[in-house]
Amino acid sequence: MIDWAGLRWSARDAAQHAYAPYSGLRVGAAGITSRGEVLSSCNVENASFGLTLCAECGLVSALALSGGGKLSAVSVADSDGKALLPCGRCRQLLHEHGSAELLVDAGSEVPPHRLAELLPLAFGPEDLPAKGVEP
Ligand code: THU
């Protein structure tokens, strides 16, 4: 059973730490790992704009730092706790670091989405040639 309200609260809390002077949109992402830990992160913007790091980028980095594994549930929220859906690039990041049935918060009114709904027919590690095999 996933505590979506708690996870959204963690995302909201993380959003308070965002560095978002350009867009003004402070975003937090929180995820539950396959080990049952809750991790979170926030967006960090850059004057070059293009180098901005979404909150989910920090989340997958926190996952690696915490010992790896996969994310089983993710909530992304603004600083008021309103659920946001991950951008396209972050859906790809979550595909790589999420379990096969990764669930993504859609807000308190509706059921969560499966990542596979948000990024159907995704490209992934299995689409790369096997290591050590000549092309
Ligand atoms: N942002 C995220 O952190 N995650 C997303 O999935 C969508 C967008 C951030 C990036 C930028 O700092 C701000 O929201 C406006 O796009």
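Which polar side-chain atom lies 2.9 Å from an oxygen atom of the ligand? In this predicted model, the atom belongs to asparagine 43. A polar backbone atom of alanine 55 is 2.8 Å from an oxygen atom of the ligand, and an N or O atom in the side chain of glutamate 56 is 2.7 Å from an oxygen atom of the ligand. On its own the ligand has 370 Å² of accessible area, of which the protein covers 78%.

The residues around the ligand are Ser23, Leu25, Val27, Asn43, Glu45, Thr52, Cys54, Ala55, Glu56, Pro86 and Cys87. Sorted by class, this shell comprises 6 nonpolar, 3 polar and 2 charged residues.

The strands of the model form an open sheet of 5 strands in the order S2-S1-S3-S4-S5, and the pairing is mixed. Strand S2 (38–42) and S5 are the edge strands, each pairing on one side only. Strand S1 (residues 27–33) pairs with S2 in the antiparallel sense, over 5 bridges. Within this pair, glycine 31 is opposite leucine 39 in S2, and alanine 29 is opposite serine 41 in S2. The hairpin of S1 and S2 has 4 residues between the strands, and glycine 36 in this hairpin adopts a positive phi near 85 degrees. Val27, one of the residues around the ligand, falls within the residue range of S1.

Leucine 71 has glycine 98 in S4 as its bridge partner. From S3 the chain passes through helix H3 (residues 88–97) to reach S4, a β-α-β crossover that is right-handed. S4 is also joined to strand S5 (residues 113–114), here by 2 bridges and in the antiparallel sense. In this pairing, leucine 103 is opposite arginine 114 in S5.

Side chains of opposite charge can pair when their charged atoms come close. A search of the whole structure gives 2 salt bridges.

Note on methods
Residues numbered from 1 in each chain as written. Predicted model: local features only at pLDDT ≥ 70, side-chain atom pairs only at ≥ 80, totals over all residues. Heavy atoms only, no water. Pairing = 2+ DSSP bridges. Right-handed = clockwise from strand over helix to strand, strands pointing away. Near = heavy atom within 4 Å. Polar contact = N/O pair within 3.5 Å; in protein donor to acceptor, adjacent residues only side chain to side chain. Areas by Shrake-Rupley, 256 points an atom, 1.4 Å probe, with all protein chains shown as cover. Nonpolar A, V, L, I, M, F, W, Y, C, P; charged D, E, K, R; others polar. Salt bridge = Lys/Arg side-chain N within 4 Å of Asp/Glu carboxyl O.
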